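User: I am new to this structure and would like a close look at a single part of it. Could you walk me through one residue and its surroundings, and then what lies elsewhere?

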Amino acid sequence: SGRGKPVVKHWEDVDVGDILVVRKDEQFPADMVPLFCSGDGGNCYVSTANLDGETNLKLKSASKVVQAACAPKSNDNGESPDLEKEIL
């Protein structure tokens with residue numbers, strides 16, 4: 001338990017309810033639900049080629065309410081923060 005701080009876990013140690021940070025081009029289970037996506041409108045595209053052989057990317061979207069709640073806030077200059085530094 002990281003108590004609000006990121007910790008590294010092996011897949012076999014991930015529990016239901018854990019919040020995971022998945023970065024571009026990383027693999028993850030197909031049954032994960034996105035809470036925040038850095039793409040336009042909270043969208044991300046997922047490859048399922050290793051499951052079904054299809055090469056089309058599948059659209060996954062975060063809930064608009066949760067996406068808004070998780071979005072990094074602008075700084076005092078009105079600039080959006082660097083997501084790499086903000087996401088936990």
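Analyst: Setting aside neighbours within four places in sequence, Q67 is in contact with L35, F36, C37, G42 and A62, where contact means heavy atoms within 4.5 Å. This is a predicted model, in which local features need pLDDT of at least 70 and side-chain atom pairs count only at pLDDT 80 or more, while totals for chains, interfaces and linings use all residues. Residues are numbered from 1 along each chain as its sequence is written, and side-chain values use heavy atoms, leaving out hydrogens and water.

Q67 sits in helix α2, residues 64-70; helices (H or I, at least four residues) and strands (E, at least two) are DSSP runs numbered from the N terminus. With a relative accessible area of 13%, Q67 is buried. Here buried means under 20% relative accessible area, exposed over 50%, and partly exposed in between, using a 1.4 Å probe and protein chains only. One of its contacts, C37, has its backbone oxygen 2.8 Å from a polar atom of the Q67 side chain.

The structure holds zero disulfides, a disulfide being a pair of cysteine sulfur atoms within 2.5 Å.

Next comes the surface. Y45, in strand β1 (residues 43-47), is exposed, with 54% relative accessibility. Together with L57 and L59, Y45 makes a nonpolar surface patch of about 350 Å². Patches are made of residues with over 30% relative accessible area and no salt bridge, joining like charges within 9 Å and nonpolar side chains (Val, Leu, Ile, Met, Phe, Trp, Tyr) within 5 Å. The areas come from the Shrake-Rupley method with a 1.4 Å probe, and for residues only the protein chains shown count as cover.

Finally, the charged pairs. Side chains of opposite charge can pair when their charged atoms come close. The count here is two salt bridges, each a side-chain nitrogen of Lys or Arg within 4 Å of a carboxyl oxygen of Asp or Glu. K9 meets D18 at 2.8 Å, N to O; K9 is partly exposed at 38%, as is D18 at 30%. K58 pairs with E54, their closest N and O atoms being 3.1 Å apart. K58 is partly exposed at 26%, and E54 is partly exposed at 38%.

Methods. A polar contact is a pair of N or O atoms within 3.5 Å; within protein, one must be able to donate a hydrogen and the other to accept it, and residues adjacent in sequence count only if both atoms are side-chain atoms.
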